[in-house]
Amino acid sequence: MPIIEVKQLTKVFGHDPGRALSLLNQGWSKEKILKEHKLTVGVNQTDFTIEQGEIFVIMGLSGSGKSTLVRLLNRLIEPTSGAVLFNGQDVLRMNPEQLRQFRRKNIGMVFQKFGLFPHRTVLQNAEYGLEVQGVDKKARRELAMNALKLVGLNGWENSRPDQLSGGMQQRVGLARVLANDPDILLMDEAFSALDPLIRKDMQHELLQLQAKMKKTIVFITHDLDEALRIGDRIALMKDGSIVQIGTPEEILIQPANKYVERFVEDVD
Ligand code: ADP
Ligand code: MG
């Protein structure tokens with residue numbers, strides 16, 4: 001069974017998206033509906049599955065719907081229609097307590113902005129998620145220390161974030177999430193703010209880390225090279241829809257249409 005299953009997932013932003021959706025289903029042109037209802041399609045009738053242990057990359061230009069899609073997975077955004085299943089369980093039917101548990105225990109999110117507290121040490125930052133959950137001091141210290149070791153930051157526990165490079169700061173962000181041992185990591189443009197060389201290092205390190213920890217990683221990027229380098233499979237998005245899902249080889253060798261072809265034609 002896939003760890004995540006997405007069925008006909010749609011998110012329309014704006015007033016009365018339900019009505020817009022029914023017009024869309026009646027065959028009205030998307031442009032016309034959007035204009036008349038001042039609506040924006042974030043994600044459009046999307047289907048896919050994510051397998052346990054894979055790095056699933058969502059790639060696409062800015063505004064193609066990547067962040068909306070990833071936020072729908074843990075219901076930070078309520079969908080307009082469709083379903084998200086986690087291990088077969090419908091995320092949209094979870095009650096508030098189940099949803100809280102799901103977000104805390106099963107999912108970890110890493111963003112482009114590292115979200116570190118400048119006045120806290122590296123260790124305190126790595127402990128933060130566990131602290132919020134009320135894990136006792138001794139246990140959370142141990143878990144955070146292990147996570148810092150995993151991302152190669154042992155020895156830096158007592159430093160402040162501003163003493164660290166951008167890449168190291170993002171590793172603290174990663175350690176904070178890993179300390180919680182989630183099943184799924186959602187990484188939304190996690191490396192996009194890094195300098196190109198550091199970014200490449202981080203890609204490499206993420207792959208090494210993944211070889212050890214075998215999480216399920218949903219990795220969002222607008223960068224094709226990054227997607228090809230780290231993805232087990234890549235979903236290419238355009239205007240809220242997935243235009244192709246495949247391995248890097250499939251995307252490169254068998255582009256599904258002209259759009260994908262143009263997207264990949266600059267790759268050596
Ligand atoms: P990406 O992450 O690929 O850059 P987003 O998911 O952020 O794309 O955005 C997809 C589309 O949805 C864009 O047209 C964007 O303007 C729109 N959108 C995203 N969030 C909102 C929102 N909260 N309200 C209205 N429109 C939104
Ligand atoms: Mg985004």
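Q: Is helix α7 mostly enclosed or open, and how many of its residues are buried?
A: A residue is buried if 20 or more other C-beta atoms (placed from the backbone) lie within 10 Å of its own, exposed if 12 or fewer, and partly exposed in between. Helices are DSSP runs (H or I, at least four residues), and strands are too (E, at least two), numbered from the N terminus. In α7, eleven of the 13 residues are buried, so the helix is largely enclosed by the rest of the structure. Among them are M168, V172 and L178. By the way, this is a predicted model: local features need pLDDT of at least 70, side-chain atom pairs count only at pLDDT 80 or more, and totals for chains, interfaces and linings use all residues. Residues are numbered from 1 along each chain as its sequence is written, while chains are lettered from A and ligands numbered from 1 in the order in which they are written.

Q: What covers the buried residues of α7?
A: Look for contacts, meaning C-beta atoms, placed from the backbone, within 7 Å. Here the cover includes β6 (107-111), α5 (122-132) and β7 (184-188).

Q: Which element gives the most to the shell around ligand 1?
A: That's α3, with three residues.

Conventions. Two residues are in contact if their C-beta atoms, placed from the backbone, lie within 7 Å.
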